[in-house]
Amino acid sequence: MNHTIELIKKLPCVRERSLIKKFVLIALFFMALILSACTQGQEDTQEYSGIISERKVIGYEYTVIKEENSYSWKIGYKGDITTIEESIDNEDELGNFMMAVNDSKLKLSKLVTWLTYFLIVAVISFYLYKKDRKTLKDGAIVIVLAIIISLYISIDASIDLSTLLKDVKLYYLRLTI
């Protein structure tokens, strides 16, 4: 009887079912964690005062502060901070400045990520070249594609970052002059 049970457990379909059950249980556990993290608590009924948002990128920065029913902005470039009270007249310019700074931060992180990827591929390629040229020749197409893709995305992110930084400068000058 024990021998029969062991043979049944060794069958591929039985092992796959147990693996599937384990995978489903692990997936359900992580889904429960994600759902519990995403649930919102009770909404605070008191009026919030303090820093709403702040961001810095390549010298430019902003901080949005809520005080009762008004917003004040601290915008700056390389430590030169200007405080501006938000009004109907400057609301769009402040929003544009904030979006340009946020987008610049995202493009900068994209650029750094893809340049790092390029460097990793280049170092690995150099190592394989020194270690065993045959291995490098076998994976040459993949390596060349990885380098081309990383360079293309890096150049694209660099151009976008340059344009966004010009926009940030424009909005900063409009708000501070």
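Q: Which strands does H5 lie across?
A: In this predicted model, H5 lies across S2, S3 and S4. Its direction is at about 120° to that of S3.

Q: And what is the strand order in the sheet?
A: The order is S1-S2-S3-S4, in an open sheet of four strands with antiparallel pairing.

Q: Which strands stand at the edges?
A: S1 and S4 (80–85) do. Each has a single partner strand, so one side of each is left without a neighbour in the sheet.

Q: By how much are neighbouring strands turned against each other?
A: On average by 15°, with direction ignored.

Q: How many bridges join S2 to S3?
A: Eight bridges join S2 to S3 (residues 70–77), and the two strands run antiparallel.

Q: Which strands does H3 touch?
A: H3 packs on the sheet and touches S1, S2, S3 and S4. The direction of H3 makes about 50° with that of S1.

Q: Back to the strands: how many bridges join S1 to S2?
A: Seven bridges link S1 (residues 50–57) with S2 (residues 60–67), again in an antiparallel arrangement. Lys56 is paired with Glu61 in S2.

Q: What lies between S1 and S2?
A: Two residues separate them, and the strands form a hairpin. Within the turn, Ile58 has a positive phi of about 40°.

Q: Changing topic, at what angle do H3 and H5 pack?
A: H3 and H5 (residues 140–176) pack at about 155°, and their axes are 7 Å apart. That angle makes H3 roughly antiparallel to H5, because angles over 145 degrees count as such.

Q: Is the crossing left-handed or right-handed?
A: The crossing of H3 past H5 is left-handed.

Q: Let us turn to Ser104. Where does Ser104 lie?
A: Ser104 belongs to helix H3, which covers residues 91–131.

Q: Buried or exposed?
A: Ser104 is buried: its relative accessible area is 0%, and residues count as buried under 20%.

Q: What does the side chain of Ser104 reach?
A: The side chain of Ser104 reaches the backbone oxygen of Ala100, at 2.7 Å.

Q: Which residues is Ser104 in contact with, leaving aside neighbours within four places in sequence?
A: Ser104 is in contact with Val57, Leu161, Leu164, Leu165 and Val168. Val57 falls within S1 (residues 50–57), while Leu161, Leu164, Leu165 and Val168 fall within H5 (residues 140–176).

Conventions:
Residues numbered from 1 in each chain as written. Predicted model: local features only at pLDDT ≥ 70, side-chain atom pairs only at ≥ 80, totals over all residues. Heavy atoms only, no water. Buried < 20%, exposed > 50% of the residue type's maximum accessible area, 1.4 Å probe, protein only. Polar contact = N/O pair within 3.5 Å; in protein donor to acceptor, adjacent residues only side chain to side chain. Contact = heavy atoms within 4.5 Å. Pairing = 2+ DSSP bridges. Axes fitted to C-alpha atoms, helices over the stretch in contact; angles between N-to-C directions. Parallel < 35°, antiparallel > 145°, perpendicular 65-115°, else oblique. Left-handed = near helix turned anticlockwise from the far one by under 90°.
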